Amino acid sequence: MQKVGIVEVAQSAGTESSLSLMEFTYKPVKEVLDKVGMKRDEVDTYILASTDVFHSGMSCANAFDWDAAGAFMKPASREEGDAITAFVYGCMRIMSGEHDTALVVGLIKGSENPENDTLTSFVADPFYSRPVGIQETTAAAMQMRLYLQRYGITEEQCAKVVAKNLGNALFNPYAHIKKRVSVDDVLNSERICDPLKALECAPKSEGVCAMLLASEEKAKKLTDKPVWFKGWGSSMDTFYLGDRDLLDTQLKTAAASAYKMAGVSDPRKEIDVAEICEPYAFQELLWCEQLGFCAQGQGGKLIDSGVTQITGALPVNPSGGVLAMNPYVARGLYRVAEGALQIKGKAGEHQLDKKVNTALAHSTYGFCGQWQGVVILGS
Amino acid sequence: MVEQKEKPRKVASMGLVPYEMALGPTWTKFFEGFKEKKILGTKCNKCGRVLVPARPFCPRCFEPMEEWVEVAQEGTIVTWSYVNYTYFGVTPDMIPVIAATIKLDGVDCAMGMSTRIGGFDIKDFDLVTKKVKVGARVKSVWRRNRQGNFRDIDYWKIIE
């Protein structure tokens with residue numbers, strides 16, 4: 001199969017922007033094209049990711065997204081789940097041999113819509129869950145309770161994730177939340193949905209991420225340092241929380257597929273950096289277990305050991321992760337972009353102080369991680 | 001296309017559009033049971049599991065579930081959260097709420113998606129942590145006027 005390389009990426013920062021969605025989207029897309037020296041019509045195909053109804057309110061992706069991304073009069077398609085799949089669709093179009101270049105864009109202006117929990121209550125089914133007020137945070141809090149109870153994970157260990165990730169975000173110019181918080185700050189923040197505290201929940205952010213992909217031959221012409229797409233796995237669980245063991249998610253399945261495709265046999269040793277999607281702090285620990293970074297129930301000890309710190313052997317979320325920057329839908333593409341920048345050595349102030357050959361990017365959506373996706377990138 | 005320092009002009013937008021979603025025969029029968037204070041499940045003839053809410057087909061075996069069974073109204077709390085904050089659509093008079101998943105006796109999954117614990121002063125968080133626990137026993141308390149929907153179960157009472 002045709003190899004696919006990430007040529008170039010551009011991101012926007014997460015703070016509220018005065019620009020319209022059209023202007024806000026145009027900027028990173030134009031930045032990528034300018035860096036590579038291409039015109040919009042020279043790109044073979046476009047894949048966008050956005051959610052135009054609840055997380056945008058405009059309900060008219062066709063009116064803005066295509067023009068803003070320069071994607072009209074082209075083979076273009078749009079994804080509504082998570083932008084990490086838009087990345088994979090772009091790769092697949094190149095792997096098919098039909099296209100040499102693909103531009104992938106995830107876009108959202110989170111500041112323009114109501115609270116995430118108002119919106120995610122519409123993700124709950126209208127017959128059983130929505131009438132009793134279930135939404136993403138309520139569901140996550142129930143998952144956290146089980147996690148603490150079954151494995152003896154402490155609230156302090158969960159709070160450490162926030163202190164670590166927001167600390168890392170201070171060095172990422174694209175992160176939304178810029179403040180240093182201590183473990184005590186997190187533990188003392190409002191118990192909005194016990195056992196979840198306010199500081200353990202991701203914000204809602206602006207975010208446009210644009211990424212140019214190319215076939216092996218083309219990628220080598222367009223950049224000195226392409227980052228290669230090595231592996232992918234995803235899996236979707238059933239919907240009802242009552243039908244699932246909330247601590248046994250489909251991430252194990254997704255990760256196993258991605259590792260097999262990329263030829264990774266010992267993720268803990270072979271992965272140099274992981275950018276994972278943790279809209280709720282405890283989920284970083286749980287996802288680390290399911291990615292095989294430690295044994296089941298050992299996520300608390302993993303963060304205590306310091307391994308996942310930016311200076312550790314396996315840094316997790318050196319960008320600050322989703323706790324620092326949560327552009328819903330686009331957030332998965334940000335994880336891939338951060339992984340690619342680390343391999344390129346262009347992450348800036350949060351560049352890891354070691355050689356990065358293999359990066360893992362993860363995203364998730366749905367209650368308690370119903371859907372899970374894992375991408376492996378290589379140098 | 002440079003950022004403005006002053007607050008940008010914004011256009012306010014609020015959408016209100018009606019939808020009508022079919023419950024279908026299986027869930028209609030399930031909620032008709034609520035009117036008579038009955039909790040109905042369906043049994044899979046292949047794997048033998050009893051699921052509540054009732055399902056038209058077994059999600060795992062992917063075979064129709066045509067056998068109906070009335071299930072117990074007592075069970076145990078699998079997990080819970082204490083919802084105590086507001087957001088658009090949730091006003092201060094609507095909180096706190098204890099959301100929970102409940103595994104009814106003889107049923108092979110936890111109750112639907114979620115339901116609510118009550119029957120005591122749930123504003124008293126210390127009292128809540130004393131009474132509400134993973135594994136605690138609960139029993140359904142029905143509303144007087146039942147409409148055939150999920151709110152017919154007023155709350156789940158902790159069995160001391």
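Guide: Let us start with a proline, A:Pro195, which lies in the loop between β5 (193-194) and β6 of chain A; please keep in mind throughout that this is a predicted model.

Visitor: What makes the peptide bond that joins A:Asp194 and A:Pro195 stand out?

Guide: The bond between A:Asp194 and A:Pro195 is cis, with omega at about 10°. Chain B has a cis peptide bond joining B:Val52 and B:Pro53, where omega is about -5°, and B:Pro53 is found in the loop between β2 (50-51) and β3 (67-70) of chain B.

Visitor: Which residue in the loop between β2 and β3 of chain B has a positive phi although it is a residue other than glycine?

Guide: That residue is B:Phe62, with phi near 60°, and its place is in the loop between β2 and β3 of chain B. In chain A, A:Asn317 also has a positive phi, of about 60°, and is not a glycine; A:Asn317 sits in the loop between α12 (299-305) and α13 (321-324) of chain A.

Visitor: How do you know whether A:Asn317 is buried or exposed?

Guide: A residue is called buried if 20 or more other C-beta atoms lie within 10 Å of its own, and because A:Asn317 has 28 other C-beta atoms within 10 Å, A:Asn317 is buried.

Visitor: And why is B:Phe62 put in its class, buried or exposed?

Guide: The limit for an exposed residue is 12 or fewer such atoms, and B:Phe62, with 9 C-beta neighbours inside 10 Å, therefore counts as exposed.

Visitor: How do you know that the span of helix α9 of chain A agrees with its number of residues?

Guide: Helix α9 of chain A, residues 251-262, has 12 residues, which at 1.5 Å a residue should span 16 Å, and its end C-alpha atoms are 16 Å apart, so the two agree.

Visitor: Why can one say that the buried residues of α9(A) line one face of the helix?

Guide: The buried residues in α9(A) are A:Leu251, A:Ala254, A:Ala255, A:Ala258, A:Tyr259 and A:Ala262. Seen down the axis of α9(A), these buried residues fall within an arc of 130°, so they line one face of the helix. Their cover includes β7 (227-236), α10 (267-270), α11 (281-290) and β10 (371-378) of chain A, and after α9(A) comes A:Gly263, whose phi is positive, near 75°.

Visitor: How does the radius of gyration of chain B stand against that of a compact globule?

Guide: A compact globule of 160 residues would have a radius of gyration near 15 Å, but chain B has 20 Å. The C-alpha trace of chain B spans about 65 × 40 × 30 Å along its principal axes, and buried residues make up 30% of its 160 residues. Chain B has two helices and eight strands, following the pattern α-β-β-β-β-β-β-α-β-β along the sequence.

Visitor: What makes up the contact between chain B and chain A?

Guide: The contact takes 36 residues from chain B and 38 residues from chain A. On the side of chain B that touches chain A, the elements giving two or more residues are β4 (74-83), β5 (97-104) and β6 (115-118) of chain B, and the largest share, five residues, comes from β4(B). By class, that side of chain B has 22 nonpolar, 11 polar and three charged residues.

Notes. Residues numbered from 1 in each chain as written. Chains lettered and ligands numbered in written order. Predicted model: local features only at pLDDT ≥ 70, side-chain atom pairs only at ≥ 80, totals over all residues. Helix = DSSP H or I, 4+ residues; strand = E, 2+ residues; numbered from the N terminus. Expected span 1.5 Å × (residues − 1). Arc of directions from axis to C-beta. Contact = placed C-beta atoms within 7 Å. Rg over C-alpha atoms; globule rule 2.2 N^0.38 Å. Nonpolar A, V, L, I, M, F, W, Y, C, P; charged D, E, K, R; others polar.
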